[in-house]
Structure formats: C-alpha cells, structure tokens
Amino acid sequence: MQQFELFIVAVIFWGGIFTFLLYLLMRMMNIDKQLKIVESQIEGEQ
Amino acid sequence: MPKNRLIFLGVTAAVSLLYVYMTWIFAPPDVNLGELVRIFFQHVAPALVAYGAFGGTLVCGIMYLWKGDLKYDILGAASLKIGLLFTTITLLSGMMWADATWGVYWNWDPRETTTLILWVAYACVLAYRASISDREARAQFGSIFGIIGFPMVILSYISIQIWDTLHPQVITGSGLEMAAEHGMTLMVSMIAVIMIALILIDFTYYIDSAQEKIHRIRMARS
Amino acid sequence: MNHGFQAAFAIAKKDIVTQMRKKFEAFSMFLFALIAVLAFSFAIVTQGSIPEEIGSAMLWVIIFFMGMFGFAPIFLSESETGTLPGLATAPIPAWSVYLGKVIYGFTLMGIVEIFLVPIVSVLFGFSILNDIPLALATLIIGTLDLAAVGSMASALTMPSESKATVFPLVYFPTATSGLMLLIEITKIIVIGPGLISVLLIFEILIAHLVAMLTLSASVFHFALSS
C-alpha cells in the first residue's frame, strides 16, 4: 500500500512540474512565432 | 535561448537528478515514518518554496507601486503562478501522506485548512487580475491585492504553532530534528526546488513580457 | 496625523448620516441575516436543537456573509454618485479616507449586530454571556477586522468590469483567515474555559487586524490615485 502512495506522490510532484514546463515551452514556441510575425510586419511597413 | 539560461537549466537538471537519487536511494528509511520519509522531501520543499514565491509576489507588488515599472508586475504575476503550482503540489502530496499515515485524505487539520485557504486566496488574486482589462489598473490593483493577501501566508506558516495539530513540526527553534542523511537530502531538495521554481518563473516572465510586447505593438498599429 | 483622524471621522459621519436617512440598507442586511439563519437551520437542526459550538460558529458565518451587503457598496456608491474624484483630490491623506470607510463599515455592521446577535443566540440556543468582556471584545475586534478587509475589498472592486462578482473574490479569501480565528474564539467562549489558548488566538486576531489595517492604509493611496 505504501508503494502506491509513494508512487502517486512522485507523479504529483514531477508530473506537476513537467506539465507546467511543457505548457510553458509550448507557449514559448507559440509566442516566438507570433513575435516574429509582428516584427516582420513592422519591417514590411517600413 | 541565451547561454546563461542554458547553463542554469543544465545545472538545475544535474541538481534535480541528485535530488531524485538522494530522495529515493540515498536517504535511509526513517525510524518512525519508514519509507514514507520519501514523501517528506517532496512535500516540505514545495511548501517552503510556495511561501517564498508568494513573498516574491509581495516584494514585486511593493516594487511596482514604488517604481511604477510594468516589469515588476509581470514578475509578480509569474511568481504568483509558480506559488500556486507549488501550493497545489504541497496540498496533493500532503493529502497522500495523510492517507498513508492517518488513513484519510483530508481531516481538516489547521495546517491543511490554512494552506487550502492560501491556495484559494491566491487563486482569487489571479482571477481578480483577469477581471480588469485596463493594463495599468490591473498592475496597480493586482499589486495591492498581492500585498494585502500576504498575512494569509504568515498565518499558514505559524498555524502549527497556534493550534494543536497532527502535522509534524520538523523545523523548530533548535534546528532540524532528524537524521543527518535526511537533513542533507532536505537541503538538496530545497536547492533543487528553488532552482526549478526560478526556471519556471523565468520562463513565465519571458512569455508574459513577450505577450505584453506583442499586445502593445498591435494596440499601437490599430 | 490629527488632521487625518478628523477627516476620517468626518467621512464616517457623513456616510453614517446618509445611511441613517436611507435606513433600508441596514434593514435589508438584517433581513438577509435572518434568512441565512433559517437556511442554516434547515441544514443543522437535529431533533429540535443545534449543538452549541455549531450554532455559535454559524453566528460568525452569517456576519461574514452579511458583510457582502454591508461592505460592497462602500466605494461602489461613491463611484456611482461620482464623488470619488472629490475624495481622491481632497486635501486629506488617503489613509484617512480608508479609515473613515472602516469606521463607517464597522458602525453599520455594529448596528445590525446589536439586533442580530441576541436573536441568533436565542434561536440557535447558545449563550455568549459566559465571558461577557471577552465576548464583547471579540465582537468589536472581529467586526473591525471584517470592516478593515471589506473596505479594502470594496476599493479593489472599483477598476473591475464586473464589480458584483469581483467583490466576493476579494473579500472572501482575505476575510476567511479572520473568520477562522473568530469562530475558534467564540466556540471557546460558548463551550467553556481555556483562557490561555483563547488569549493566544486573540493575539493572533489582533495581529491580523493590525496587519490588515496598516497594509491597507499604506497602499490605499494607490487605490485612490488611478
């Protein structure tokens, strides 16, 4: 029974951190793309 | 990605691996807790780091009100989100621990209750921030809310000294009351979790300020 | 400093006088409290009575929710009638505006509580007369604590679009910590002695009140200026 709880706690801890990290990385990739688009638009206007 | 950030990421990964090794292999089973001592290392460090992150929100709020620079507000919000993440981890791992030792997931222990209130309070700060559309007002009033929410952190921290509680009191005035190996593991876990938290805060800050920049450019163009 | 306190009392007095002229607000708060008493009674009455400690705890829960009606309009009415810029530009320190509103909120709640507390204690069958000084002190400090939080929460709702939903969002989490301590103290008053632990919790409550008042008063300037 204790093995189960230990396993769940590890999943909560690392799962929480890595899920958040993954979410941040996905947002980061997305935001970099958007930033490039916006910057190229500004250059295009000039 | 800048070089400094990559180096910091590498160091964190190394420390985290050491932390995993120490938690699961190095630390011997405790006299009282047995194998459950391994939960301890994944419960205490996130809790203290969450308190620290909310403290960071407080400091950033004060800095924003003082300097009026939007970057402090973004940093405070990032710190707030990471604090919430770690409070969630603390609550859930605490629930599992309570189930293992006391047989129930939740027994309204003062520490549990105050930590849940803390979670709700800071989640409310996040929701409150989202309800204000004007950027300057959001920063200003969000900072104020972040400041007046801080007494809750202190209450949660001292709750085990006020009430009779089942929650073990490890860090007392006379230092750590545990085996040397466990003390070392706790130190490593603190360092690892702090570094992880700093990375997450840094990423969130980077994303939010980029978002801010894009938003501002779009506003200026339209 | 003195000037600030005078201004605070002037603001509180103005609000109380306006309130006395309207009357319906305090009365509807009282009615809401009675409805809450009934609603809770459905849930907790077992065989015609309510355990003392639960009844006394419910007293504070009711006062806590009543605060929503008492405190939410504090700054809402100012911004509706357009007197807020006047307060912001008046030659008085911002903290005295806050203090005035706290005194007003405290008075409004206090007036309702004078009627409410005896009624609730009779209906729920508990007595806070075991320790009258402590009970009075708890009522006063507790109401002041709720007023300190509530006035600040009301000020924080001003910039938001959906003011009605945001007020509980700000008020509940910041007031819950005080509520928890208040319920604890009242339970001890009702059930029996335990003076040492009461004093400790009472000190924490006062510390909470002082922290809320000083923090809010020191940042209030920023809430008014925008």
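Q: Why is A:Ile8 called partly exposed?
A: A:Ile8 has 18 other C-beta atoms within 10 Å. A residue is buried if 20 or more other C-beta atoms lie within 10 Å of its own, exposed if 12 or fewer, and partly exposed in between, with C-beta atoms placed from the backbone. The count of 18 therefore puts A:Ile8 in the partly exposed class. A:Ile8 sits in helix α1 (residues 2-45) of chain A, and its C-alpha atom is separated by 42 Å from that of A:Ile37, 29 residues apart along the chain.

Q: What are the ground rules for this model?
A: This is a predicted model, where local features need pLDDT of at least 70 and side-chain atom pairs count only at pLDDT 80 or more, while totals for chains, interfaces and linings use all residues. Residues are numbered from 1 along each chain as its sequence is written, and chains are lettered from A and ligands numbered from 1 in the order in which they are written.

Q: Where in chain B is confidence lowest, and where is it highest?
A: The scale is pLDDT, the predictor's confidence in each residue, from 0 to 100. Strand β1 (residues 171-172) of chain B is lowest, at a mean of 55, and helix α3 (residues 44-67) of chain B is highest, at 94. The mean for chain B is 88, and 95% of its residues reach 70 or more. Where pLDDT is low, the predicted coordinates should not be read in detail.

Q: How do you know which pair of chains shares the most contacts?
A: Two residues are in contact if their C-beta atoms, placed from the backbone, lie within 7 Å. Of the 2 pairs of chains in contact, B and C share the most contacts. Here 25 residues of chain C are in contact with 24 residues of chain B. On the chain C side, α9(C) gives the largest share, 11 residues. That side divides into 16 nonpolar, 8 polar and 1 charged; Ala, Val, Leu, Ile, Met, Phe, Trp, Tyr, Cys and Pro count as nonpolar, Asp, Glu, Lys and Arg as charged, and the others, Gly among them, as polar.

Q: What about chains A and B, and chains A and C?
A: The contact between A and B takes 19 residues from chain A and 23 residues from chain B. The chain A side has 14 nonpolar, 3 polar and 2 charged residues. No contact joins chain A and chain C, whose closest C-alpha atoms lie 24 Å apart.

Q: How do you know that the end-to-end span of α1(C) agrees with a helix?
A: The expected span is 1.5 Å times one less than the number of residues. Helix α1 (residues 2-22) of chain C has 21 residues and should span 30 Å; its end C-alpha atoms are 31 Å apart, which agrees.

Q: Why can the buried residues of α1(C) be said to line one face?
A: The buried residues are C:Ala8, C:Ile11, C:Ala12 and C:Asp15. Seen down the helix axis, they fall within an arc of 95°, so they line one face of α1(C); the arc is that of the directions from the helix axis to the C-beta atoms. The face turned away from the buried side carries exposed residues, including C:Asn2, C:His3 and C:Arg21. What covers the buried residues includes α6 of chain C.

Q: What makes a set of residues a nonpolar core?
A: A nonpolar core is a set of buried Ala, Val, Leu, Ile, Met, Phe, Trp, Tyr and Cys residues joined through C-beta atoms within 7 Å. The largest has 142 residues, and C:Phe220 is one of those with the most contacts inside it.

Terms used: Helix = DSSP H or I, 4+ residues; strand = E, 2+ residues; numbered from the N terminus.
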